[in-house]
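Please keep the structure in view while reading.

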Amino acid sequence: MRLWMVTATIACVGAWTGLAVAGIGGWAFAVYLLGLVPLALGWLIAIRAPATPASGALAGIAVSMLGVPALEAWGRDSWWGGAIWSWQMVGFLILLLVFPDGLLPGRRWRLAASAVPLSALGVTAAMTVTMNHYDPPPVAPSPIMVPQAIWMPLMLIALAVLLMVAVVSVSAVVVRYRGGDERVRLQTRWLVLAAGLVVVLMAGSWAITTLGWTGPAAYNGFLIGIVVLVPSAVAVAILRHDLFEIDKILSDSAAWALTTIIAAGVFAASALGLGSFLGRDSPLARYGAVFVSAMILMPVFRRVHHVTGRIIDRDRTVILAGIVSFVDRVRDGAAEPESVQETLRALLDDAHLLVLLIEAEHDGYVDVQGVPATVPAGRTTLPLRTAGADIGLVVLGRDSARQRRRVRLAVSAAALPIEVSRLRLGLRRALTEVSESRRRLVSTAVAERKRLERDLHDGAQQHLLAVGMQLRSAQRDLNPADPLFIELDRAVGSLEDTVGELRRLAHGLRPAALDDGLAAALRRLAAQSALPVDLRADTVETSDVVAATAYFVVAEAMTNVLKHARATGIRVRVRQAEEHLHIAVTDDGIGSAPSQLSLTTLRDRVGAVGGTLSVTSASHEGTTIEAVMPCAS
């Protein structure tokens, strides 16, 4: 390859010198001088990516674009001067066959590569034997003559073969694109973009020449496209295929091209239509055609842009459509914003992508579910920002410039669910702190009640009992008729009432029966009820806080039944299911219990240990109070 590049360089320098000596100057010489661009880019590719044959193809384009004009200039008066133009296509057709990684496997593609120079040679031979029939004939006629009856079919056959070879070369690009991986597809799109622009320039050159606006100079734009646009696209595709969002560029270009064609057709139809009524030279007809074209331009462009996006830039279009759909479902409550990570993974085809949010409290990161996380070493990260502040990171599982652009686009479109996830994390953290604070307060209150109950039982109550026993001992030595005996008897009675009151107070703080377990305490509570109680309480293992809460739930529910329900019986069920304690208190009273209004404190107490409380009460169907609490709190 290096030997070919050196040879091509020498040939290009010789051709450039030949153009200068032949007297080619001005704008034409500047255009031909651009033929050195593919040579320079070919050398760049040969140095940076020596394995690809695209560098040799670019050098071939440079040789053909400089060598053919130089030979034509030297043989302008000879029969061969106008017969070698087809060789300018050789380098370009070879490029289509070998781009980007060499010939496709198979004998037919090797034959196609061989047919490229042979087809150019066939056109040259056909033109050589027909050149003498041109008007005016060349100054130096061709030494080979053919009958005039067969020269036209011969020329048509040669051109048809060249066209067929060109079609095969283009089909190689299509086959390579359909069977290639993502990298090959992106590289091919660069070539398609440049080739499409060259075709547009060629069509424009034909139109300008046909209208007689200018001569051969109209093809300068087409030549510039061949020697500048195509080699530049090839160099970017080989060396930096993900430099830009080629899909978007190609889609937008196709959309504008199609819109321009449609608008031109609408303008022509409007001009003809209005001209038939108002006259061809009427300014109103021209202004009306412009107005109609302008009215449909933007709606047509939006529709065409959408269609071309789904065809050419399908990945980006699908990503945006998927995220917009997800955001809409989040707004409607049909999807959780925390599923944004899984949505991005699916749409971006990156199973290891992570969305991490800044955890201000612990100076670290958490995932969208609030689980602490660390940034994997060696992975590419992109910042998440909102309102000018950093809120987290996106960690990429697959890294490329193209993937980074896609991730930025997707994250920008998914800003709403990401921000909602962050806010919900903060809200859950605050609620957790409140719940923990409530649990600590309840635990502290229960411990304090237990201490007061013990102090009352072991302290003041025992002292009062001791004083009462001393008074009774002193009373035995007195005559029952003695006024002092009567006073002592009254004092002992007051002490007994005080002890009973202390016992009631201690029982209200924390029932001492809970020391024997929740089931035992509930049996004693049922035994003291004024209504018959059907009690079924399993032996459960709970914390003191949960046991005390469960006891007060049953006690308060039974009190409400006695006060309001007009019931004839109460049914109490206490059971443990896995890690939760289930309590249900049901009566057969009048229902529609107004006591629901007094359960706020009880509901808060159950909620403080992480449980829930519900009341079911229908008219004349009784009332059921249910509580579910975790066994451990």
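**Strand pairing, sheets and the main pocket**

In this predicted model, strand S6 (residues 533-537) and strand S7 (residues 570-577) run parallel to each other and are joined over five bridges. Between them the chain passes from S6 through helix H18 (residues 544-565) to S7, in a β-α-β crossover that is left-handed.

- S6 and S7 belong to an open sheet of five strands in the order S6-S7-S8-S10-S9, in which the pairing is mixed.
- At the edges of this sheet stand S6 and strand S9 (612-617), each of which pairs on one side only.
- Direction ignored, neighbouring strands of this sheet are turned against each other by 10° on average.
- Helix H18 packs on the sheet and touches S6, S7, strand S8 (580-587), S9 and strand S10 (623-630), while its direction makes about 10° with that of S8.
- Helix H19 (residues 600-608) also packs on the sheet, where it touches S9 and S10, and the direction of H19 makes about 140° with that of S9.

**The antiparallel sheet**

- Another open sheet of five strands has the order S3-S2-S1-S5-S4, and its pairing is antiparallel.
- Its edge strands are strand S3 (372-373) and strand S4 (381-386), each pairing on one side only.
- S4 and strand S5 (residues 389-395) run antiparallel and are joined by six bridges, with Thr 381 standing opposite Val 395 in S5.
- Helix H14 (residues 401-413) packs on this sheet by touching S4 and S5, and the direction of H14 makes about 25° with that of S4.

**The largest pocket**

- The largest pocket has a volume of about 930 Å³, and its lining consists of 26 residues, of which Met 89, Phe 92, Met 202, Phe 222 and Ile 226 lie nearest the centre of the pocket.
- At least two lining residues are supplied by each of helix H4 (54-74), helix H5 (90-98), helix H7 (148-179), helix H8 (182-210) and helix H9 (220-239).
- H7 gives the most to this lining, contributing seven residues.
- By residue class, the lining of the largest pocket divides into 24 nonpolar residues, one polar residue and one charged residue.

Definitions and conventions: Residues are numbered from 1 along each chain as its sequence is written. This is a predicted model: local features need pLDDT of at least 70, side-chain atom pairs count only at pLDDT 80 or more; totals for chains, interfaces and linings use all residues. Side-chain values use heavy atoms; hydrogens and water are left out. On a 1 Å grid over the protein atoms alone, a cavity is a set of points where a 1.4 Å probe fits but cannot get out, and a pocket is an open set with protein on both sides within 12 Å along at least five of seven lines; lining residues have an atom within 4 Å of a point. Grid points are joined across faces, edges and corners, and a volume is the space filled by probe spheres set on the points. Helices (H or I, at least four residues) and strands (E, at least two) are DSSP runs, numbered from the N terminus. Ala, Val, Leu, Ile, Met, Phe, Trp, Tyr, Cys and Pro count as nonpolar, Asp, Glu, Lys and Arg as charged, and the others, Gly among them, as polar. Two strands pair if DSSP finds at least two bridges between them. A crossover is right-handed if, with the strands pointing away from the viewer, the path from the first strand over the helix to the second runs clockwise. Axes are lines fitted to C-alpha atoms, for helices over the stretch in contact, and angles run from 0 to 180 degrees between N-to-C directions. Contact means heavy atoms within 4.5 Å.
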